Amino acid sequence: MNWKSNTLTKFVNDANVRGVFFQVVLIAALVFFFFWLTDNTLTNLRNQGKSLGFAFLSGTAGFQISQTFGTWLFDYKVGTSTYLDVYFIGIANTLLVAVLGIVAATVIGFTLGIMRLSNNIVFRAFATTYIEMLRNIPILLQLFFWYFAVLRALPGKRNKLEIIPDLIGMNITGLYLPAPLPQEGFVYSVIAFTLAVLLTFGVSRYAKRVQARTGKITPVFLIGTALIIVIPLITFLATNSPLGWNLPEFKDTGPMLRRGYQAGSGMILVPELIAVWLALSLYTAAFIAEIVRAGILAVSKGQTEAASALGIRPNFTLRLVVIPQAMRVIIPPLTSQYLNITKNSSLAVAIAYPELVSVFAGTALNQVGKEIEMIFMMMMVYLTVSLITAAFMNWYNSRVKLVER
Amino acid sequence: MDSKMIAVAALVIGAGAGFFIGKGNKEVVEVEKIVEKTVEAKQTSTLDAVRAKGFVQCGVSQGLPGFSNADDSGKWAGIDVDLCRAVAAAVFGSGDKVKFSPLSAKQRFTALSSGEVDILSRNTTWTMTRDTQLGLNFAGVNYYDGQGMMVPKSLGVKSAVELDGANICTNTGTTTELNITDYFRSNNMKFNLVAFEKADEVVAAYDSGRCDVYTTDRSGLAAQRTKLTKPDDHMVLPEIISKEPLGPVVRQGDDQWFNVVRWTLRALINAEEMGVTKANAAGKASSSKDPALLRLLGKEGKFGDELGLSNDWALNAIKAVGNYGESYEANVGPNTPLKLDRGVNALWNDGGILYAAPIR
């Protein structure tokens, strides 16, 4: 008896036993919560006479979508394309603006961040003003500013603002560029280009080995540039220049409606895309600049002083000593900014850029009314893209982080 | 140590499972009962819920002059707003017991089916898909509309068939995207569609020249045209490319509330037909000898009871907003900035198609 109760007390008071007990209770509570959530949803749907299912995706989408990258990529045709195509078009347009935004925001942000630490007062003042203004104005307002203020300043549809005569021009309907028309044999130039890039990597690795062994510095940048330009160019000329250009065509005679840039000529960047791109990259660049500044300041001054004591020139100090160490501080918050760009791209719905929220969770959702399925599908896209971005940045972070010996 | 932990885990899981299996059947029955109760409660609850909270929550547009638009002091007005006030008056006796939720075209059905609003009175087109697949019911039609197109006069276009290759602005989440696509396909013409989420942005984009054409319901064109910098430089083309019966919407599965909204609308139309106005309604209720009129105004029969309302429900609704014709004239008629003639929206005995079922 005594032995028994003693064991029981011991058993109940055992920290591990209690731990496991509460873990199991917690899991049971979670399972019950999700069961309740699902059951509740299903019951409510049934009461409203609705059902769950993804069959609607194969239905034909009977509406036009603004002609952009996505519609071109998936060859959207009203009357034959399905809601699944609409989904992919939305994803393509979202990814396009996210990638463009990430690249532009990184370049602008790094430049501004370094400018803000410059000894030149003009650079420093400009960077400070820019950062404080842009990061303190809500991005939706900036989006409207870029779209409506700038749009109204552009010439109307029947006029044009020529940037390069006959090649590049713009008006209120968009930016018109020559469209490349690859012809038979162009693929060889692409192959040559890929080979040249690989070759440059090889040269770079070889140069590092040479430097480690002999201390001799090979001009990798010059060699690489030469390789990447010369090899594809020779191939291109040797295969009889297999690339045509579809130039934008402008008419200022004929019926009023037909004047302006002609449909189907050249390549067009719609003003909605340009406005979203500008707003996203300029806004996020302000945050990236601050991250870069923080990263550089985090590298102790002793590092710079040690480098100059060793006789390393200032620009080499920045490139070889400061930046690599700063990257360790910069990468994790930079990842968050990249994720922000992707997610903020959904604001583009306000100015008619046909991204995922606009065409799929907007137009398509209103036609088929499958809120739960469609919002779920949309969330999955943002989740997947964010997780992939985060995974890539984590991989990069683990490469540049301090190697402790 | 490990085996002990496994023992505890097994014990808890086993006990849990036993508990559920043991109570299983009983519980299922109980759960079903609860579900049934909730379903019942849900099916009869909108009117009770409205009474309990003391006001009707009405989903309206984000600003469409003549239909639902807030003035500078935040007071809502319009033909769609009047319907909500009429329903509030039918339930509470006062047309002020209503709150408005401005909704975008995209949000509106979700807001209604999630219970955020009790009525959706937001220039919403009655279509088969919406009626059968969205879990909604249309309670009637308060404006017979059709989709039209507006162009700048400087374009020199006289008819929509000349619009091949045009840039067209509209807003997302509406039937207009489908109609305009159908129209251009059937006429074998090409076009580019720029679809915004909110009407204000469509107007701004069209005004700045981003598009050659602005398409939406003709009533909407008349309303939005007043917002352009130079309204007189624009014209509405003669083509009507769709049927757009606009009307109030409620959730499916609540017949009582559905009837309240449906018959409030019919009462307003019947009132116009019988010559009952905001000003003379109370007088007619006490002096008239016409049995149809007395039924409408709650002096004969128990028509309010059938709806779960008081017997003077229709009288209150008319006193709050006037009859259908009065509401039309005040909000969208020829003497308003919208300048819309009655057209098909006149009464059936006056050359139009408004024909409300009788109250008897």
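A: Happy to! Chain A has 13 helices and eight strands (DSSP runs numbered from the N terminus: helices are H or I of at least four residues, strands E of at least two). This is a predicted model, in which local features need pLDDT of at least 70 and side-chain atom pairs count only at pLDDT 80 or more, while totals for chains, interfaces and linings use all residues. Residues are numbered from 1 along each chain as its sequence is written, and chains are lettered from A and ligands numbered from 1 in the order in which they are written.

Start with the setting. Along its principal axes, the C-alpha atoms of chain A fill a box of roughly 105 × 75 × 45 Å.

Now for the close look, at helix α11 of chain A, residues 314-344. Two packed helices are described by the angle between their axes and the distance between the axes. One partner is α9(A), residues 271-298, which packs on α11(A) at about 160° with the axes 8 Å apart (axes are lines fitted to C-alpha atoms over the stretch in contact, and angles run from 0 to 180 degrees between N-to-C directions). That angle is why α9(A) counts as roughly antiparallel to α11(A) (over 145 degrees; 65 to 115 is roughly perpendicular, under 35 roughly parallel, the rest oblique). The crossing of α9(A) with α11(A) is right-handed (the near helix is turned clockwise from the far one by less than a right angle; anticlockwise is left-handed).

Who touches whom? On the α9(A) side the residues include Leu280(A), Phe287(A), Ile288(A) and Ile291(A), and on the α11(A) side they include Val322(A), Ile330(A), Leu334(A) and Asn344(A) (in contact means C-beta atoms, placed from the backbone, within 7 Å). This contact of α9(A) with α11(A) has 16 nonpolar, five polar and no charged residues (Ala, Val, Leu, Ile, Met, Phe, Trp, Tyr, Cys and Pro are nonpolar, Asp, Glu, Lys and Arg charged, the others, with Gly, polar).

Another partner of α11(A) is α10(A), residues 301-309, at an angle of about 155° and with axes 10 Å apart. The pair α10(A) and α11(A) is therefore roughly antiparallel. Their crossing is right-handed. Here Gln303(A), Thr304(A), Ala307(A) and Ser308(A) of α10(A) meet Thr317(A), Val321(A), Val322(A) and Gln325(A) of α11(A). The contact of α10(A) with α11(A) holds three nonpolar, five polar and no charged residues.

For another arrangement, turn to chain B. There α2(B), residues 79-92, and α8(B), residues 255-274, pack at about 110° with axes 10 Å apart. So α2(B) is roughly perpendicular to α8(B). Leu83(B), Ala86(B), Val87(B) and Ala90(B) of α2(B) meet Val260(B), Val261(B), Thr264(B), Leu265(B) and Leu268(B) of α8(B). By class, that contact has eight nonpolar, one polar and no charged residues.

Finally, the chains meet too: 50 residues of chain B and 40 residues of chain A take part. On the side of chain B that touches chain A, α1(B) gives the largest share, 10 residues.

Note on methods. Two residues are in contact if their C-beta atoms, placed from the backbone, lie within 7 Å.
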